[in-house]
Amino acid sequence: MKRNRSQAVVCRNGKLLLVEHRMKGRDFFNLPGGGIEEDETPAEAALRELSEEAGVEGRVIRPLAIEYKPDLESRIFTFLVEIPEDAVPQKGTDPELSEEEQTIVGVSWFSLREIPERDRAYLFGAGLMRIPEFHDEVLKWPDDVISYPMEP
């Protein structure tokens, strides 16, 4: 079985904490997260990854989702995590990568409108709709707007 992953959803004032990565010539935004180590639970892994990638400590509030990765051999566990109000996330590192291999560009807070649609799609699979403030926001979106990219 391939390695399972775990990730943290951190919300503050209607925004999500996302990590910006640069890999293979493109930037993308995702939740703080990564591989689960042999000696830890998925919840412990989510908190460790949050600390490594965003430099903040958190507390798991509840699980949000368990997804199967496209290979159907491994899973992604997602947790709603709370951080202290005065915590200031900062760009971290991936300890499994050398300095030259680092992909983390930064961390920042984003509203749903500020997140590229491609990256937003992954958030819905991660259980974003199980968080009342985001669920309520999506219900306000108009029915007649289609934002899927058009074919050339």
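A pocket here is an open set of points on a 1 Å grid over the protein atoms alone, where a 1.4 Å probe fits, with protein on both sides within 12 Å along at least five of seven lines; lining residues have an atom within 4 Å of a point. The model is predicted, so local features need pLDDT of at least 70 and side-chain atom pairs pLDDT 80 or more, while totals for linings use all residues. Residues are numbered from 1 along each chain as its sequence is written, and side-chain values use heavy atoms, without hydrogens or water.

Select Leu112, Arg113, Glu117, Arg120, Ala121, Phe124, Lys140, Trp141, Pro142, Val145 and Ser147: they line the second largest pocket.

Next, show the rings of Phe29 and Phe110. The structure holds two aromatic pairs (ring centres within 6.5 Å, with Trp taken by its six-membered ring; planes under 30 degrees apart are stacked, over 60 edge-to-face, the rest tilted). Phe29 and Phe110 have ring centres 4.9 Å apart and planes at 65 degrees, so this pair is edge-to-face. Phe29 is in strand 3 and Phe110 in strand 7, so the contact ties together parts 81 residues apart in sequence; strands are DSSP runs (E, at least two residues) and helices likewise (H or I, at least four), numbered from the N terminus. Phe29 is buried at 17% relative accessible area, and Phe110 is buried at 15% (buried is under 20%, exposed over 50%, partly exposed in between, with a 1.4 Å probe and protein chains only).

Then return to two pocket residues, Phe124 and Trp141. Their ring centres lie 6.4 Å apart with planes at 85 degrees, so this pair is also edge-to-face. Phe124 is partly exposed at 30%, as is Trp141 at 27%.
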